[in-house]
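The following note concerns the nonpolar cores and the salt bridges of the model shown here.

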Amino acid sequence: MNAEALIGELLAELDDGGLRGSFLVRDLDSGREIGIEPDVAHPVASLIKIPLVAATLERVRRGELDGAAEVLVRPGAITKPGPTGLSRFRHPARVALDDLMYLAVALSDNVAADALFALTSPAEVTRMLREWGLRGITARHLVGDLSETPAERFAAADVHLAHALAIGARTADRGHPLAQLDVTRANSGSARDFVDLLQELWRPDRIAEPVAERTRELLGANLLRHRLAPDFSSDATTWSSKTGTLLNLRHEVGVVEHDDGHRFAIAALTESRVPAATQPEAEFLMARTARRLRDHLRRW
């Protein structure tokens with residue numbers, strides 16, 4: 001099957017499953033790639049933690065921050081299902097800066113991420129991305145803002161109503177009444193933007209190698225492995241990634257490294273038209289789409 005036919009078939013499957021979005025797979029060594037609408041900007045939810053941690057590590061490298069320094073973190077005190085790490089703590093804790101970065105990436109801890117943003121602002125993270133030649137990803141707000149949506153105002157049995165509101169309120173130009181879902185006000189980026197970032201982390205040019213190496217280690221420690229990981233993990237591969245989830249948005253970006261030396265950067269940024277919080281079928285469809293694109297590129 002040629003690339004055009006494959007993409008047409010995958011678009012039909014995504015539509016049947018109530019998903020739309022952007023995918024990009026790139027061979028990190030040859031530069032060959034295949035994708036579906038890879039240049040469309042999306043609100044990126046927790047994916048912003050990747051550039052946040054890279055920027056923090058760069059400031060540590062420059063001597064502006066001390067990775068061993070302890071940071072007093074106020075508890076998230078969140079008791080509802082979902083958030084992890086410090087977000088669920090009920091008492092203040094002192095945590096080393098290095099460990100906050102681990103929590104932000106490996107556990108997707110929002111409180112840890114915002115403790116990092118308190119040291120390196122969204123504007124500074126964006127400035128450093130531009131310094132590295134990465135012009136598409138923009139950090140605009142704290143990660144804690146992601147918890148301030150209609151979903152927090154509904155009882156668990158009615159959370160589907162928040163998803164229905166998120167789905168129905170989007171405008172044709174990707175605006176939205178909710179700032180976190182509006183690409184002009186949210187932390188944003190495209191599938192290509194994140195693949196470009198992953199390429200810079202796996203094949204550093206402008207990012208210092210110690211910064212890239214530690215960021216790769218943290219992505220490899222990701223404990224949230226329910227989305228693309230089942231299709232890219234095996235005894236012969238290593239999958240390093242970060243997920244992002246907000247209302248009807250489901251994202252994941254990562255790199256699969258094969259024992260034969262091949263490395264592929266993968267970005268899947270999607271939104272569902274199905275008003276439900278739990279959608280294992282959507283996770284499966286995302287992974288299947290990304291896997292088929294990777295398989296096609298690997299055979300090319």
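1. In the largest nonpolar core, which has 55 residues, L86 and L100 touch the most other members. A nonpolar core here is a set of buried Ala, Val, Leu, Ile, Met, Phe, Trp, Tyr and Cys residues joined through side-chain atoms within 4.5 Å; buried means under 20% relative accessible area, exposed over 50%, and partly exposed in between (1.4 Å probe, protein chains only). Helix 7 (residues 191-202) gives the most to this core, namely seven residues. Another core, of 23 residues, lies apart from it and includes A229, A268, A282 and L285.

2. The model is predicted: local features need pLDDT of at least 70 and side-chain atom pairs count only at pLDDT 80 or more, whereas totals for chains, interfaces and linings use all residues. Residues are numbered from 1 along each chain as its sequence is written, and side-chain values use heavy atoms, with hydrogens and water left out.

3. The structure holds 26 salt bridges, each a side-chain nitrogen of Lys or Arg within 4 Å of a carboxyl oxygen of Asp or Glu. E283 forms one with R227, with the closest N and O atoms 2.5 Å apart. E283 belongs to helix 10 (residues 280-299) and R227 to the loop between helix 8 (209-220) and helix 9 (229-232), 56 residues apart. Helices (H or I, at least four residues) and strands (E, at least two) are DSSP runs, numbered from the N terminus.

4. R250 also forms a salt bridge with E283, at 3.5 Å between the closest N and O atoms. Because R250 lies in strand 8 (residues 249-258) and E283 in helix 10, this pair ties together parts 33 residues apart in sequence. R250 is buried at 1% relative accessibility, and E283 at 11%.
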